[in-house]
Amino acid sequence: MNQRIFRFASPQTFYPLAGQMIPLFMTLAAVLCAVGLYIGLFVAPTDFQQGEVYRIIFIHVPAAWMSMFIYVVMAFWCAVGLAMNTRLSFMMALALAPTGALMTAVALWTGSLWGKPTWGTWWAWDARMTSELILLFLYIGFLSLHAAIDDPRRADRAAAVLALVGVVNIPIIYFSVKWWNTLHQGASVSITRAPSMARTMLWGMLIMALAAWMYSIAAALMRVRSIILERENAAEWVAQLPEVKGQ
Amino acid sequence: MSGSLASMFVAVLRRDLLLALRRRSDVLTTFFFFIIVVSLFPLGVGPEPNTLRAIAPGVVWVAALLTSMLALSRLFAGDFADGTLEQLALAPQPLGILVLAKTLAHWLVTGLPLVLIAPVLGLQFDLPGGALWVMTTALLLGTPVLSLVGAVGAALTLGVRGASALLAILVLPLYVPVLIFGAGAASASVSGMSVAGYLSLLGAFLLIAAALSPWATAAAVRIALE
C-alpha cells in the first residue's frame with residue numbers, strides 16, 4: 001500500500017497521473033461552479049439589508065477561504081520537502097503559490113467591490129482585509145524569492161524556509177491586525193455557532209467553495225506538470241513523451 | 001561542552017562588535033538614516049503639534065523598520081563573501097547559537113542606538129514625557145525582534161540577485177505585529193490608556209523570536225552555503 005503511494009513521489013510517475021487527474025478535477029470544478037452559481041444567483045433569496053449586492057459573497061468567501069487554505073497546503077508540502085528531501089513536494093508548493101496569490105487577489109478585489117455599495121468605501125483598514133493584504137505580500141515574497149535564485153534546489157529550499165516562517169507568523173499577524181482594528185461585520189459562518197444566514201445561501205457558498213477547491217487542484221496539477229517538464233528536460237523519459245516527441 | 005559553547009558565543013559576539021567598531025562609518029550611516037527619515041515627516045506633514053503628536057509613534061517605528069532593513073543586508077554578507085560563515089557552520093557548536101550571537105551583535109550596533117536616540121526625536125514631535133518613556137521601552141523590546149526575524153530574511157537572500165529589495169519584500173510583512181504593538185504602545189500612552197498589554201505582547205514576541213528564529217536562520221544559512 002505504502003509503496004504504491006510513494007511510487008508517485010517521483011516526477012516521472014506523477015507526471016502521467018497528474019495528466020489523468022486534471023480533466024477529472026476540471027469537470028468537477030465546472031459542474032460545481034455551475035450548480036453553485038445557479039443557487040447563488042437564482043435560488044438564494046435577496047438579502048433583507050443589502051439587496052442583490054450581497055451575491056458577490058459566492059465568489060468572495062470561497063476565494064478568501066482558498067487563499068488561506070492554499071498557503072497552509074503550500075507550507076505543508078514545503079515541510080515535507082525539507083524533511084523527506086523529495087523534489088516533487090517543492091514543485092507542488094511552487095505550483096500552488098500562483099493560484100494562492102490569485103485567490104488572495106480575487107478576495108481583495110471582490111471585497112473592495114462589495115465594500116463600496118455596502119460600507120460606502122473601497123477600502124477599510126479592518127482586520128480581515130488587512131491580513132488578506134499581508135497574505136498577498138507573503139505569497140509575493142515566496143514567488144519573488146524563488147524567482148531570484150537560479151539554482152532550483154537552493155530556490156526550493158530557501159522558499160520553503162520562508163513559507164514555514166510565514167505559516168508560523170500568519171496567526172500572529174491575524175490576531176495583531178484584529179486587535180488593531182475591527183470594523184468588519186462579525187464572521188457569519190463559523191464552526192462553533194449556528195450560521196445566521198439562509199440555508200440556500202450557505203449551500204451556494206459551500207458548493208462554490210468546493211468548486212474553487214477543485215479548480216485550485218486542477219490548476220496546481222497543470223502547473224506542476226509544466227514545472228516537471230522544465231526541471232527534467234534532460235531526462236530520457238521526458239524525451240520519450242508523445243507531447244515532447246511531436247514537437 | 002557548555003563552557004566551550006558560552007566562550008564561542010562570546011567570541012563571535014566580540015568579533016562582530018570589534019568589526020563594527022573598526023568600520024564605524026557603516027554604523028553611523030544607518031544611525032543618521034534613521035534620524036533623517038524621522039525628521040522629514042514634520043516637513044512633509046506640517047509643524048502642527050497635535051498632528052505631530054498623533055503620528056510620532058508610527059513615524060518613529062516605520063523609520064526603525066526601514067533602518068533595520070537597511071542594516072540587515074550587512075549581517076551575513078561580509079562573512080558569506082570571505083568564507084567565515086562556512087567556518088562557523090563547520091564549528092562543533094550549534095549554528096543556531098552562533099547565529100544568535102551575530103544577531104545580538106548586530107542589534108547592539110544598529111538597534112540599540114535607535115532606542116537611545118528615540119526620546120530626543122520624540123521631543124521634536126512634542127511627545128509628553130510619559131509617552132517618551134513608553135516609546136523607548138517599546139523600542140527596546142521590539143527592535144531585537146526586528147533583528148531576529150530579519151536575520152532569517154538576510155540569510156535567505158545571501159548572494160541572491162537584487163537582494164536588498166527582495167529582503168524588504170520578505171521581511172517587512174513579518175514585521176507587522178511588532179509595528180502594530182510598538183507604535184500602539186506610545187499611542188495608547190498619549191491617549192491615557194494602559195500600555196501594559198502592548199509591552200507584554202512585545203515581550204512575548206521577543207521570547208518567541210529569540211526561541212525560534214535562530215534555528216530558521218541557521219537552516220537558511222546552511223541552504224545558502226550548499
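Me: Which residues is Ala220(B) in contact with, leaving aside its neighbours within four places in sequence?
Reply: Ala220(B) is in contact with Ala158(A) and Val161(A), and also with Val152(B), Ala155(B) and Leu156(B); contact requires C-beta atoms, placed from the backbone, within 7 Å. This is a predicted model, in which local features need pLDDT of at least 70 and side-chain atom pairs count only at pLDDT 80 or more, while totals for chains, interfaces and linings use all residues. Residues are numbered from 1 along each chain as its sequence is written, and chains are lettered from A in the order in which they are written.

Me: And the largest nonpolar core, how many residues has it?
Reply: It has 149 residues, and Ala93(A) and Ala220(B) have the most contacts inside it. Such a core joins buried Ala, Val, Leu, Ile, Met, Phe, Trp, Tyr and Cys residues through C-beta atoms within 7 Å, buried meaning 20 or more other C-beta atoms within 10 Å.

Me: How many residues does each chain give to the contact?
Reply: Chain A gives 21 residues and chain B gives 19. On the side of chain A, the largest share, twelve residues, comes from helix 6 of chain A.

Me: Changing topic: at what angle do helix 5 and helix 9 of chain B pack?
Reply: At about 105 degrees, with their axes 8 Å apart. That makes helix 5 of chain B roughly perpendicular to helix 9 of chain B, a term covering 65 to 115 degrees.

Me: Which residues of helix 9 of chain B meet helix 5 of chain B?
Reply: Pro214(B), Trp215(B), Thr217(B), Ala218(B) and Val221(B) meet Leu95(B), Gly96(B), Val99(B) and Leu100(B) of helix 5.

Methods
Axes are lines fitted to C-alpha atoms, for helices over the stretch in contact, and angles run from 0 to 180 degrees between N-to-C directions. Helices (H or I, at least four residues) and strands (E, at least two) are DSSP runs, numbered from the N terminus. Angles under 35 degrees count as roughly parallel, over 145 as roughly antiparallel, 65 to 115 as roughly perpendicular and the rest as oblique. Two residues are in contact if their C-beta atoms, placed from the backbone, lie within 7 Å. A residue is buried if 20 or more other C-beta atoms lie within 10 Å of its own, exposed if 12 or fewer, and partly exposed in between; C-beta atoms are placed from the backbone.
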